[in-house]
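Subject: Structure for your review

Dear colleague,

Please find below the structure that I am handing over to you.

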Amino acid sequence: MKYSYAIIGDGSCDLSRELRARFELDGHLKAYLTTPDADDVEASLDLSDAEIDAFFVSLKANKDRYKSSSFSVDDVVSDFEPFLQQGKDILAVSLSSGLGATYNIMVHAQKILCEKYPDRKIFIVDSLKYSAAIG
């Protein structure tokens with residue numbers, strides 16, 4: 001029997017749009033960032049070179065005023081569920097569990113979804129890596 005998998009990366013995978021297409025990622029979980037102006041923004045993997053440069057200039061000048069946060073269990077459930085409803089299994093790769101909570105958040109969502117979709121398979125892989133090394 002051939003399985004149909006959705007491959008989902010952690011938002012910290014740092015893969016460009018081109019690499020995500022090349023490796024056929026079906027999606028990535030998004031992290032959040034609080035800026036020095038206290039704006040909560042969704043982190044993006046698709047910033048232009050100018051946006052990246054501006055971010056690092058601002059980060060250097062305001063290093064104590066940026067805060068990052070992970071996606072929530074509810075976010076993971078919302079992102080995974082459409083694939084499960086389509087009859088697809090899921091292979092998700094997380095940031096190293098030694099560096100953040102994303103692996104444990106995905107595992108918690110996996111437990112919730114496995115109860116709701118007992119015929120589907122959800123595999124969560126702890127990459128033991130960070131940033132582009134996840135890719």
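Predicted model: local features only at pLDDT ≥ 70, side-chain atom pairs only at ≥ 80, totals over all residues.

**Salt bridges**

A search of the whole structure finds 4 salt bridges. In general terms, side chains of opposite charge can pair when their charged atoms come close.

One of these bridges joins the side chains of D46 and R17, with 3.0 Å from N to O. D46 lies in the loop between β4 (40-42) and α2 (49-61), while R17 belongs to helix α1 (residues 17-22), so the pair ties together parts that are 29 residues apart in sequence. The side chain of D46 also meets that of R20 in a salt bridge, here at 2.9 Å from N to O. R20 is in helix α1 and D46 in the loop between β4 and α2, so this pair ties together parts that are 26 residues apart in sequence.

R17 is exposed, with a relative accessible area of 53%. D46 has 30% relative accessibility and counts as partly exposed. R20, at 11% relative accessibility, counts as buried because the cut-off for that class is under 20%.

A further bridge is formed by the side chains of R120 and D89, at 2.9 Å from N to O. This pair links distant parts of the chain, 31 residues apart: R120 is in the loop between α4 (102-116) and β7 (122-126), and D89 is in strand β6 (residues 89-94). R120 counts as partly exposed, at 22% relative accessibility, whereas D89 counts as buried, at 0%.

**The nonpolar core**

In soluble globular proteins, nonpolar side chains tend to be buried together. Which residues touch the most other members of the largest nonpolar core? They are F80 and I90, in a core of 19 residues. The elements that contribute two or more residues to this core are β1 (5-10), α3 (73-85), β6, α4 and β7.

Leaving aside neighbours within four places in sequence, F80 is in contact with I8, L29, I90, A92, L113, I122 and I124.

**Helix α3**

The buried residues in α3 are V76, V77, F80, E81, F83 and L84. An α-helix has 3.6 residues a turn, so residues three or four places apart point the same way. The buried residues of α3 pack against β1, β2 (27-29), β6, α4 and β7.

As for its length, α3 has 13 residues, which at 1.5 Å a residue should span 18 Å; the C-alpha atoms at its ends are 18 Å apart, in agreement with that value. After α3 comes G87, whose phi is positive, near 85°.

**A loop residue**

Is L15, at 6% relative accessibility, buried or exposed? L15 counts as buried, and its place is in the loop between β1 and α1. The C-alpha atoms of L15 and L45 are separated by 6.8 Å, although the two residues are 30 residues apart along the chain.

With kind regards

Conventions. Residues numbered from 1 in each chain as written. Heavy atoms only, no water. Helix = DSSP H or I, 4+ residues; strand = E, 2+ residues; numbered from the N terminus. Buried < 20%, exposed > 50% of the residue type's maximum accessible area, 1.4 Å probe, protein only. Core = buried A, V, L, I, M, F, W, Y, C linked by side-chain atoms within 4.5 Å. Contact = heavy atoms within 4.5 Å. Expected span 1.5 Å × (residues − 1).
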